[in-house]
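Hi there,

Here is the structure I promised to hand over, with the sequence alongside. My notes on what turned up in it follow below.

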Amino acid sequence: MADQPTEISYSIARARPDQVAALCAIERKAVQLFRGHAAWPAYADMPIPPELLHQAIGRGLVWVALSAAGEPVGFVWLDAELEGTAGGDAIGIAEIDVLPDYGRRGIGAALLEHACGWARAAGYRRVDLGTLADVPWNAPFYAGLRFERVDKNDPAFAFARQRDRENGFPDQLRVFMSRSLPSPSRSAWTAWPAPAKLNLFLRITGRRPDGYHELQTVFRILDWGDEIRLRVRDDDQIRRLHDVPGVSESSDLAVRAAQLLKKHAGTAHGADIDVIKRVPMGGGLGGGSSDAATVLVALNWLWQLNLDEDILAELGRQLGADVPVFVRGRSAWAEGIGEQLTPLPLPRRTYVVLDPHESVPTAALFQASELTRNAPRATISSFASGETTENAFAPVVRARHPRVAAALDWLGSFGQARLSGSGGCVFLEVKSFERAVSIAGQCPAAFTAHLASGVDISPLQQALARHQSRAG
């Protein structure tokens, strides 16, 4: 009788950036199983780019199986870009690997179910993948997990097939499979993005009688940020499931947004809220404001309130000046206290966002005597020409926060480094992903580098469209 696999204990968790090397090593060991297969030359020459895996981990799209000792033994990686454009109703499996020594123990199936469960919660209709028909742990394995073969000539797979050709993978060996995902039940968890933002410039042009400052800025919505998990309750309770370090439940903007929406609508429903933080707090990237906007937009949908965007934006304004731009979900030219928004299409750019691990309190900056409060008004044309790029807070932050100053100096050695909002995160705009990867790879240990792309339509709006499409 053949030896049966030994049962082992394992757990599944979101992958961490410090696990990239281990996951790449798993893929290289798993690919050895293809030695002698016609696809072996392509697999051997096509290792996972660590920088892409790192970026996917930063977006929460990679899950890892951990042994009882806490060592990675397998992983799965989801990638919306496999469909050619992000924001559609399908998401792809970019990679799934298990160490050969841990094969035939259900780890791969558990990883796949975990990824499909998240995709369902995020509003996707199906999960797609490309695989080999003649390898037992490929197409037959997926077929046992409710994946069905589909026509690979479908335009939905054109991008993936083109990428295969570029990597030398023989097209005749590839089959494509899809698994349909049921809609989440009303009582199920759903997952919603809360994207970060950058201020591409920031001027203070005056001060109002009520003490608020008149601003001009450009908000750039990013494709990276926090994640908000929500579950509708049939009672009227608003509950935060996990503590957020340094943020009490009563001051948590996500909780306050749910309470404000509930009060405005007079609904009897409640919600469980779980915030997965990725955006540094006190970094000038709008993390808390975005969390609040996501709760407003998502609960408006989940509670079936049908409030329009203007009402949600006004509710958001009551929580914070930056909330309306996230509610509306467009990169925008902003004036007033930041609530007067004009959508502003911007060229696609990649950003290196540097976290110096120093929180900057905004209130103290606004009170600084050296802050320039009467700058001349800028115009959209002066911004578009590259003339207007300064941030009014940058000189004050430089003088008061040495770690932020050091981050600006280091990133500034590669180009024009700028402060976002009131800091402390700083960023550099680059024209190619490859350049951003190169810079981020040189990041000093004292800082953390994130890679993000600017988008004109927010990931939150894309998620809402997915959920609406499913209901329709």
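Confidence first: the protein has a mean pLDDT of 92, and 97% of its residues reach 70 or more. (pLDDT is the predictor's confidence in each residue, on a scale from 0 to 100.) This is a predicted model, so to speak of local features I need pLDDT of at least 70, and side-chain atom pairs count only at pLDDT 80 or more, while totals for chains, interfaces and linings use all residues. Residues are numbered from 1 along each chain as its sequence is written, and side-chain values use heavy atoms, with hydrogens and water left out.

**Overall build**

The protein has 16 helices and 17 strands; these are DSSP runs numbered from the N terminus, with helices being H or I of at least four residues and strands E of at least two. Its radius of gyration is 24 Å, close to the 23 Å that the globule rule gives for 472 residues, so the protein is as compact as a globular protein of that length. (The radius is taken over C-alpha atoms, and the rule is 2.2 Å times the number of residues to the power 0.38.) Along the principal axes, the C-alpha atoms fill a box of roughly 85 × 55 × 45 Å.

Of the 472 residues, 54% are buried. Here buried means under 20% relative accessible area, exposed means over 50%, and partly exposed is in between, using a 1.4 Å probe and protein chains only. Among contacts with a separation of 6 or more, 75% join residues 24 or more positions apart; a contact means heavy atoms within 4.5 Å.

Confidence is lowest in helix H6 (residues 158-166), with a mean of 85, and highest in strand S2 (residues 62-67), at 98.

**The second largest pocket**

Two or more lining residues come from each of strand S8 (190-207), strand S9 (213-233), helix H7 (253-265), helix H8 (287-302), helix H9 (309-319) and helix H11 (362-366).

By type, the lining divides into 20 nonpolar, 19 polar and seven charged residues. (Ala, Val, Leu, Ile, Met, Phe, Trp, Tyr, Cys and Pro count as nonpolar, Asp, Glu, Lys and Arg as charged, and the others, Gly among them, as polar.)

**Buried spots**

In helix H14 (residues 402-412), the buried residues are Val404, Ala405, Ala407, Leu408, Trp410 and Leu411. Their cover includes strand S14 (350-355), helix H13 (394-400), strand S15 (418-419), strand S16 (426-430) and helix H15 (433-440).

Asn138 sits in the loop between strand S5 (126-132) and helix H5 (139-143) and is buried, at 7% relative accessible area. Leaving aside residues up to four places away in sequence, Asn138 touches Phe34, Tyr43, Thr131 and Leu132.

Ala463, in helix H16 (residues 459-471), is buried with a relative accessible area of 0%. With the residues up to four places away again not counted, Ala463 touches Trp192 and Pro193.

**Backbone details to look at**

Most residues other than glycine have a negative phi, and most peptide bonds are trans. Against that background, here are some places to check.

- The peptide bond from Gly423 to Gly424 is cis, with omega near 5 degrees, and Gly424 lies in the loop between S15 and S16.
- Arg104 has a positive phi, near 60 degrees. Arg104 is in the loop between strand S4 (90-98) and helix H4 (107-121) and counts as exposed, at 66% relative accessibility.
- Gln304 also has a positive phi, of about 55 degrees. Gln304 is in the loop between H8 and H9 and is exposed, with a relative accessible area of 59%.
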